[in-house]
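Visitor: Could you walk me through this structure?
Guide: Gladly; here it is, and then ask away.

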Amino acid sequence: MLVVNKVSKFYRKKSVVKAISFSMNQGDRIAVLGPNGAGKTTLLEMLATVLKPDGGVIQYNNLTNEQEIRKKVGYVPQDLALFTNITVREQLKFWAQMSPKAVSQAKITELVMLVGLTEKLNEKTEHLSGGMKRKLNIILSLLHDPDLIILDEPTVGIDIQSKLEIIEFMKKICDSGKLLFFSSHDLQEIEQLCNKIVYLEEGRIVFSGTLTEARAAAKQIGSTSFATMMKYLLE
C-alpha cells in the first residue's frame with residue numbers, strides 16, 4: 001500500500017505541490033492527470049524518490065526510508081535514459097549490473113521477448129526506432145522486478161502501433177499485482193490501462209478515486225479542465 005500524507009514541494013520558494021494526501025493499494029493502476037504545470041512530474045519524481053519532499057511523508061508498504069523504497073521502484077522519466085552508442089544487449093547487461101538485486105538471464109529474456117526486441121539485441125541503441133527506444137527504456141526499469149512502477153509519459157512522440165504495444169505490455173506486467181502510476185495526455189491510453197485517477201491542478205488534488213467515481217465527481221466539481229477531461233474519457 002502507498003500512503004502519501006500532506007506532501008509538499010517548493011522550487012525557489014514557489015509551491016508546486018501543496019500538501020497533497022491520498023492512498024493506493026497494491027494492484028491499482030493510477031493515471032496522474034492534470035494541465036501542464038499542475039505538478040504531475042514533480043509528484044511522480046517524489047514517489048520514485050528522485051526528489052525529496054519539502055514536507056509530509058511518503059510511505060510504501062510500511063517503509064518510509066527513501067533508500068529502501070527505491071529498491072521497490074521502477075521509474076521511467078519523460079526523457080530517454082539510454083546510452084546511444086552501445087548495443088541493446090550491452091545496455092541490458094550494464095543496467096542489470098546496476099540493479100539493486102540480482103537479475104537473471106531468464107528475466108532479461110522474458111522482458112525482451114515481451115516487447116519484441118529479441119532481433120534487436122546486437123543493434124546499437126541509436127539505430128532503434130523511437131518506439132523501440134521507448135520499449136527498451138521501460139524494460140530497463142523493470143529488470144529488478146519492482147512492485148511500484150512509475151511511468152511519466154512513456155509513449156510521448158512515438159507511433160500509434162508502438163503505443164498500443166506498450167499499453168498491452170504494461171497490462172501483462174501489471175496483471176501480476178504491480179502498483180502503477182502512469183502519466184499521459186492520451187485519453188485512450190488512460191482508459192485502457194488505468195482503473196483510478198489522481199487529478200492535479202496548481203499543485204493540489206482536485207480528485208482521487210476510480211473512473212466510476214470520477215464520472216460523478218466531474219458533474220459536481222467546479223473545475224473546468226477536470227470536467228472536460230472526464231467528459232471525453234468517461235462518456
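**Aromatic cluster and surroundings**

Guide: Ring pairs link F83, F94 and W95 into a cluster, where rings of Phe, Tyr and Trp (its six-membered ring) pair if their centres lie within 6.5 Å, with planes under 30 degrees apart counted as stacked, over 60 as edge-to-face and the rest as tilted. This is a predicted model, in which local features need pLDDT of at least 70 and side-chain atom pairs count only at pLDDT 80 or more, while totals for chains, interfaces and linings use all residues. Residues are numbered from 1 along each chain as its sequence is written, and side-chain values use heavy atoms, with hydrogens and water left out.

Visitor: How many aromatic pairs does the structure hold?
Guide: The structure holds four aromatic pairs. One of them is F83 with W95, a stacked pair at 5.9 Å centre to centre and 20° between the planes. F83 lies in the loop between strand 5 (73-76) and helix 3 (88-97) and W95 lies in helix 3, so the pair ties together parts that are twelve residues apart in sequence. Helices (H or I, at least four residues) and strands (E, at least two) are DSSP runs, numbered from the N terminus.

Visitor: And what about F94 and W95, how do they form a pair?
Guide: F94 and W95 are edge-to-face, with 5.1 Å centre to centre and 85° between the planes. F94 is partly exposed at 30% relative accessibility, W95 is partly exposed at 29%, and F83 is partly exposed with a relative accessible area of 36%. Here buried means under 20% relative accessible area, exposed means over 50%, and partly exposed lies in between (1.4 Å probe, protein chains only).

Visitor: Changing topic, is T155 buried or exposed?
Guide: T155 is buried, with a relative accessible area of 3%, and its place is in the loop between strand 6 (148-152) and helix 6.

Visitor: What does the side chain of T155 make a polar contact with?
Guide: The partner is the side chain of E189, at 2.4 Å; a polar contact is a pair of N or O atoms within 3.5 Å, where within protein one must be able to donate a hydrogen and the other to accept it, and residues adjacent in sequence count only if both atoms are side-chain atoms. Leaving aside residues up to four places away in sequence, T155 touches K163, I166 and E189, contact meaning heavy atoms within 4.5 Å.

Visitor: Where is E153, and what is its phi near?
Guide: E153 is in the loop between strand 6 and helix 6, and its phi is near 50°, a positive value in a residue other than glycine. Most residues other than glycine have a negative phi. E153 is buried, with a relative accessible area of 13%.

Visitor: Now the sheet of three strands: what order does it have?
Guide: The order is 2-1-4, in an open sheet with antiparallel pairing; two strands pair if DSSP finds at least two bridges between them. Strand 2 and strand 4 (55-60) stand at the edges with a single partner strand each, so one side of each is left without a neighbour in the sheet.

Visitor: How many bridges do strand 1 and strand 4 pair over?
Guide: Strand 1 (residues 2-11) pairs with strand 4 in the antiparallel sense over five bridges, and L2 stands opposite Y60 in strand 4.
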